[in-house]
Amino acid sequence: MIRIAPSILAADPLNLERDARRMMDAGCDWLHVDVMDAHFVPNLAYSPAVVKRLEEITAVPLDVHLMMDHPERYLDMFLDAGADLLTVHAEVSSDLHAMLHKIHRRGAKTGIALKPGTGISAVEPYLDEADMILTMTVEPGFGGQKLNEAVLSKISELRSIGYKGEIEADGGVKEHNLQSLIDRGLTVAVMGTALYRCEDPKAMMARLHAMGEQK
Ligand code: DX5
Ligand code: ZN
């Protein structure tokens with residue numbers, strides 16, 4: 001199966017509730033929330049307060065992607081707000097073991113994200129503590145970018161070394177390229193512009209889920 005996690009970065013910032021409900025009505029599995037600190041990435045997005053309000057209106061897990069230089073300073077704030085899965089980047093200088101341990105101790109799931117230029121060797125020491133590996137398929141910071149095909153081999157590599165956790169792709173994932181990711185071992189697809197800008201997200205969601213059944 002394939003889980004679909006619409007990224008609210010592509011939602012109308014003045015109508016987050018409307019757009020989040022539209023994705024839940026369409027049958028999404030998770031909601032992907034991008035958090036940006038204007039340091040790790042050249043953009044700013046979403047605070048714990050937004051996560052808290054989303055948690056109050058959503059019935060699906062909140063998949064929170066921290067694109068921050070010092071995520072260790074904010075883990076409790078996002079966990080208090082209701083993050084169900086908290087993903088930190090492998091490229092930060094913070095103690096990854098300590099962060100993953102804290103997230104688990106507080107009852108949430110852990111994710112480690114890799115920028116396109118970062119190899120899987122950066123996460124190999126942590127695979128037992130990571131419920132999910134997020135492979136960025138674009139340079140983090142903005143939606144609407146084109147998927148970087150060169151990254152796809154990382155998905156196969158992770159499966160070939162025996163990783164059994166979730167593998168998520170984030171950035172430029174579309175209906176026309178999703179099957180090739182699933183065939184490599186992908187289990188979660190983040191989709192922003194493709195889903196929020198389509199006429200009938202419910203019909204698209206059904207087609208996307210059907211791709212997971214084909215594998
Ligand atoms: C980019 C974010 C992605 C982005 C995906 O840094 O992490 O979640 O919103 O949007 P699309 O699917 O439009 O590339
Ligand atoms: Zn993201």
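The model is predicted, so local features require pLDDT of at least 70 and side-chain atom pairs pLDDT 80 or more, while totals for chains, interfaces and linings use all residues. Residues are numbered from 1 along each chain as its sequence is written, chains are lettered from A and ligands numbered from 1 in the order in which they are written, and side-chain values use heavy atoms, with hydrogens and water left out.

**Strand 7.** Select residues 132-136, which form strand 7. Helices (H or I, at least four residues) and strands (E, at least two) are DSSP runs, numbered from the N terminus. Five of the five residues here are buried, so the strand is largely enclosed by the rest of the structure; buried means under 20% relative accessible area (1.4 Å probe, protein chains only). Met132, Leu134 and Met136 point one way, and Ile133 and Thr135 the other. In a regular strand the side chains alternate between the two faces of the sheet.

**Neighbouring strands.** Two strands pair if DSSP finds at least two bridges between them. Ala113 stands opposite Leu134. Next select strand 8, residues 166-170, which pairs with strand 7 in the parallel sense over five bridges. Here Met132 faces Glu166. From strand 7 the chain passes through helix 5 (residues 152-160) to strand 8 in a right-handed β-α-β crossover, that is, with the strands pointing away from the viewer, the path from the first strand over the helix to the second runs clockwise.

His65 in strand 4 (residues 62-67) and Asp170 in strand 8 are 105 residues apart in the chain. His65 has 0% relative accessibility and counts as buried, as does Asp170 at 7%.

**Ligand 1.** Finally, display polar contacts, pairs of N or O atoms within 3.5 Å. A backbone N or O atom of Gly141 lies 2.7 Å from an oxygen atom of ligand 1, and one of Gly144 lies 2.9 Å from an oxygen atom of ligand 1. A side-chain N or O atom of His65 is 3.4 Å from an oxygen atom of ligand 1.

Key. Buried means under 20% relative accessible area, exposed over 50%, partly exposed in between (1.4 Å probe, protein chains only). A polar contact is a pair of N or O atoms within 3.5 Å; within protein, one must be able to donate a hydrogen and the other to accept it, and residues adjacent in sequence count only if both atoms are side-chain atoms.
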